[in-house]
Amino acid sequence: MLVRRCAVLLIEPREELGLDLQSMFSGGSALTATMHWVALAPHLDREVTLAADDVALLGSVGQTVWQQRAALEQQYGADIVARLLDHGLLVGDARLGAQESELSPELAHWRERDDTLRAQHWRPLSAVAHIYSRWRGMQSESGMQFPTFDDLVKEYGQPPSPAVERGGASDAIALPAPAADALDDLLLRRYTGRNFDTTAQVPLALAARLLQRTFGAQDQRMMAPDAYVLKKTSPSAGGLHPCEAYVLAQRIDGVAPGLYHYHAVNHVLEPVQALTVDEARQLALVAVADQQWFADAPIMVIVAARVFRNFWKYRNHAKAHRALLLDAGHLSQTLYLLATEAGLAGFVTAAINEVELEQALGLDPLTDAVIAVCGCGPAGPGDYVELRNAT
Ligand SMILES: Cc1cc2nc3c(=O)[nH]c(=O)nc-3n(C[C@H](O)[C@H](O)[C@H](O)COP(=O)(O)O)c2cc1C
C-alpha cells in the first residue's frame, strides 16, 4: 500500500498549565507547564495529540509523493504508521496497490476528506484558521459570555482611545464639515437592532426586495466562454461573489417557517428544511449562540461562502480567505442599509454556531464556509436597545 501525509498539517507545541501545591508550600512556583504536540489538520475537524515519534515521522513524509508503507514501517515501526493512518494524518490509496484488507472504511473516509480539502485549493493557514475557529454548542451555559463595558473596564482597565493622532497634530489639515445630503439620512439612521418585534410579519414584497438588492444578481457578465461573474450591489473580490445566502424564515408573509437557499440569479427561495415555528426560533437561537436579542428577527440570513468559487482563481492564495470575510461584511452592510430604508432594524454577528448551521444546511465546512449571520425586522416597543454586548 502507498501512503503520503495529509495535505494540510500544522503541529502546535501546546502548553498546559497546572497547579503544583506541594511545590508552592515548599517555596517553589505553584504553576507547572506541561508541553505536548497537537496536530491541526482541517480535514479531520478535530485535534490530535501527538508523541515525539509521530512528529518525527510526519516531518519526514511529504504530502505529494506516495511512498511504500512497508518502507516507512521498516524505518519507524508498524505501530506508529498504523496509528497515524487511523488518525488520518497519513493517508493511503486504494487505487495504488493497497490490499483489500488494508482498506478499512476509516482509511477510505480520511482519504476522501483529504481529497476534498485538496480540491478546494485552500491556503493551509486559512484552512486551519477557518476549521478550528468554528463553534459547536456554544451557549451561555457553555461559555458564551455577555460582559458589559463596566465589567470589561474592571477586568482589563481602560480600552485604547477611540481615535488616535498620527504625525504632528500641528500639521493636520482641517477638513470642511461634510454637506448634508439624502444618503446621510440612511447612513445615520442605521443601527444594530436588539429588540425585534416578536409578532411582526415581514411582507413578502419587502423580503424579496431585501434579498434581491442585497444578495441577488443585478447583472451577469460572461468573462470568457462559459465563465460568468455576477454584478451585485456590494463589491466582491474578483467579481466572483462566492457568498451564498441561506434564509432562516420565521415570519415572512407567504413563506412557511424554515431554512431556504436564496438563488442569486433566479430570485427564488429554494426550500432546504421545513421547520415548525418553535423549531425555527430554536435554530435561530442556536445560530447566534444564545443571543436572544437577535433570535426573534423574522428574517435571518446565514452567509456561507462556496470557497472554490473564489479559490478557483485565488489558489492557495494568502489573501483569498480574507477576501471571503470582506465580501460577507459588505453584504451585511448592504442589508443593514436596505433594512434601514424600509424602517427595519438590522444586525450582523460572527458569534455563531457554525457547526450546527452546517448540519442544518447540509454544508461541508471544507467546501462551504459559514461566515456570519445577519438579519433584520421591525423593532419592538422601546425600539433602540443600547449596546451591551458588542463583540
Ligand atoms: C463583525 C461584527 C460582529 C458583530 N457581532 C455582534 C454580536 O455578536 N452581538 C451583538 O450584539 N452585536 C454584534 N455586532 C454589532 C456591533 O455590536 C455594532 O455594530 C456596534 O455596537 C455598533 O453599533 P451600531 O451598529 O448600532 O452602530 C457585530 C458587528 C460586526 C460588524
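**Close-up A. The buried residues of helix α5.** In α5, the buried residues are Leu107, Trp110, Arg111, Arg113, Asp114, Thr116, Leu117 and Gln120; buried here means under 20% relative accessible area, exposed means over 50%, and partly exposed is in between (1.4 Å probe, protein chains only). Before going further: this is a predicted model, where local features need pLDDT of at least 70 and side-chain atom pairs count only at pLDDT 80 or more, while totals for chains, interfaces and linings use all residues. Residues are numbered from 1 along each chain as its sequence is written, and side-chain values use heavy atoms, with hydrogens and water left out. Helices (H or I, at least four residues) and strands (E, at least two) are DSSP runs, numbered from the N terminus. Who covers the buried residues of α5? The cover includes β1 (2-5), α4 (78-87), β6 (90-92), α6 (124-132) and α12 (307-311), with contact taken as heavy atoms within 4.5 Å.

**Close-up B. Helix α5 end to end, and what follows.** The helix runs over residues 105-120, and its end C-alpha atoms are 23 Å apart. That agrees with the 22 Å its 16 residues should span at 1.5 Å a residue, the expected span being 1.5 Å times one less than the number of residues. Just after α5 comes His121, with a positive phi of about 65 degrees.

Close-up C. Glu73 pairs with Arg69 here, and their closest N and O atoms are 2.9 Å apart. To count as a salt bridge, a side-chain nitrogen of Lys or Arg must be within 4 Å of a carboxyl oxygen of Asp or Glu; the structure holds 16 of them. The two residues sit 4 apart in α3 (residues 69-76), so about one helical turn separates them. Glu73 is partly exposed at 24% relative accessibility, whereas Arg69 is buried, at 14%.

**Close-up D. Glu358 meets Arg134.** This salt bridge has an N to O distance of 2.8 Å. Glu358 belongs to helix α14 (residues 354-361) and Arg134 to the loop between α6 and α7 (149-156), so the pair ties together parts that are 224 residues apart in sequence. Both ends are tucked away: Glu358 is buried at 4% relative accessible area, and Arg134 is buried at 10%.

**Close-up E. Arg281 and Asp296.** Here's another salt bridge, with the closest N and O atoms 2.6 Å apart. Arg281 is in helix α10 (residues 277-287) and Asp296 is in the loop between α11 (292-295) and β12 (299-306), so the pair links distant parts of the chain, 15 residues apart. Arg281 is partly exposed at 26% relative accessibility, while Asp296 is buried at 16%.

Close-up F. Most residues other than glycine have a negative phi. Ala289 isn't a glycine, yet its phi is positive, at about 50 degrees. Asp290 also has a positive phi, near 80 degrees. Ala289 lies in the loop between α10 and α11, and Asp290 is found in that loop too. Are they buried or exposed? Ala289 is buried at 0% relative accessibility, and Asp290 is buried at 13%.
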